[in-house]
Amino acid sequence: MAINKGYLTAKTDKESDEVYTPSYAITPLLKYIKKSNVIWCPFDTEDSEYVKIFKKNGNKVIYSHIDLGQNFFNYEPNEKYDFIISNPPFSIKDDIIKRLSELDKPFAMLFPIPTLQGQKRFPYMKNCQALIFDKRINYFKNKETKEIQKGVSFGSFYLCKNFLPSDLIFEELEVIK
């Protein structure tokens with residue numbers, strides 16, 4: 001039997017962190033969001049699929065990005081928001097999960113499945129929820145051309161807090177080709 005060591009040998013740097021989420025991995029969240037909810041997307045720009053889908057759903061969206069001078073670790077919008085939702089950089093997931101815990105707001109963050117284990121982040125995840133998918137997400141490495149990142153070696157899930165109606169939900173992804 002072949003060993004799947006892709007996740008263990010995957011790059012975890014800024015370049016590998018800059019991938020884009022396809023719409024089919026975002027739309028399952030809509031059933032848990034009211035149109036009146038305000039969503040902060042802290043790792044997104046105006047042309048992010050998250051921002052576009054939530055706006056199309058009728059939500060007010062606050063987006064921020066480090067390239068816009070808004071670092072998630074020392075920035076929080078002045079406006080009131082209900083949820084924090086995004087696909088954050090995986091290479092700094094421990095720090096992100098800790099910061100989410102400090103903000104103490106409902107959230108849904110897309111992470112690799114192996115995020116569920118880890119001694120450093122475990123104390124911040126004890127009261128979290130999980131939205132787990134039936135298949136891997138094919139991230140885009142180029143948001144304009146929608147070029148798919150080859151060889152995604154891990155499954156993804158949404159780590160949530162005070163977002164889902166139950167602690168563990170399994171969801172089928174409807175991949176649009």
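The protein exposes about 10000 Å², and carbon and sulfur atoms supply 50% of this area (Shrake-Rupley method, 1.4 Å probe; for residues, only the protein chains shown count as cover). This is a predicted model, in which local features need pLDDT of at least 70 and side-chain atom pairs count only at pLDDT 80 or more, while totals for chains, interfaces and linings use all residues. Residues are numbered from 1 along each chain as its sequence is written, and side-chain values use heavy atoms, with hydrogens and water left out.

Of the 177 residues in the protein, 46% are buried (under 20% relative accessible area with a 1.4 Å probe, protein chains only). The protein has five helices and nine strands (DSSP runs, H or I of at least four residues for helices and E of at least two for strands, numbered from the N terminus). Their pattern along the sequence is α-α-β-α-β-β-α-β-α-β-β-β-β-β.

Seven strands form an open sheet with mixed pairing, in the order β2-β1-β3-β4-β8-β5-β9; two strands pair if DSSP finds at least two bridges between them. β2 and β9 (168–171) are the edge strands, each pairing on one side only. On average, neighbouring strands of this sheet are turned by 25° against each other, direction ignored. β1 and β2 run parallel and are joined by four bridges. Trp40 stands opposite Ile62 in β2.

Helix α4 (residues 93–103) lies across β1, β3, β4 and β8, and runs at about 170° to β4. Axes are lines fitted to C-alpha atoms, for helices over the stretch in contact, and angles run from 0 to 180 degrees between N-to-C directions.

In helix α3 (residues 49–56), the buried residues are Glu49, Tyr50, Val51, Ile53 and Phe54. Their cover includes β1 (38–41), β2 (60–63), β3 (83–86), β4 (107–112) and β8 (156–161). Ser48 caps the N-terminal end of α3. After α3 comes Gly58, with a positive phi near 100°.

Asn59 is found in the loop between α3 and β2. Asn59 is buried, because its relative accessible area is 5%. Asn59 touches Ile33, Lys34, Lys35, Asn37, Ile39 and Phe54, leaving aside residues up to four places away in sequence (contact means heavy atoms within 4.5 Å).

| From | To | Distance |
|---|---|---|
| Ser48 side-chain oxygen | Tyr50 backbone nitrogen | 3.0 Å |
| Asn59 side chain | Asn37 backbone oxygen | 3.1 Å |
| Asn59 side chain | Asn57 side chain | 2.7 Å |

Methods
Buried means under 20% relative accessible area, exposed over 50%, partly exposed in between (1.4 Å probe, protein chains only). A polar contact is a pair of N or O atoms within 3.5 Å; within protein, one must be able to donate a hydrogen and the other to accept it, and residues adjacent in sequence count only if both atoms are side-chain atoms.
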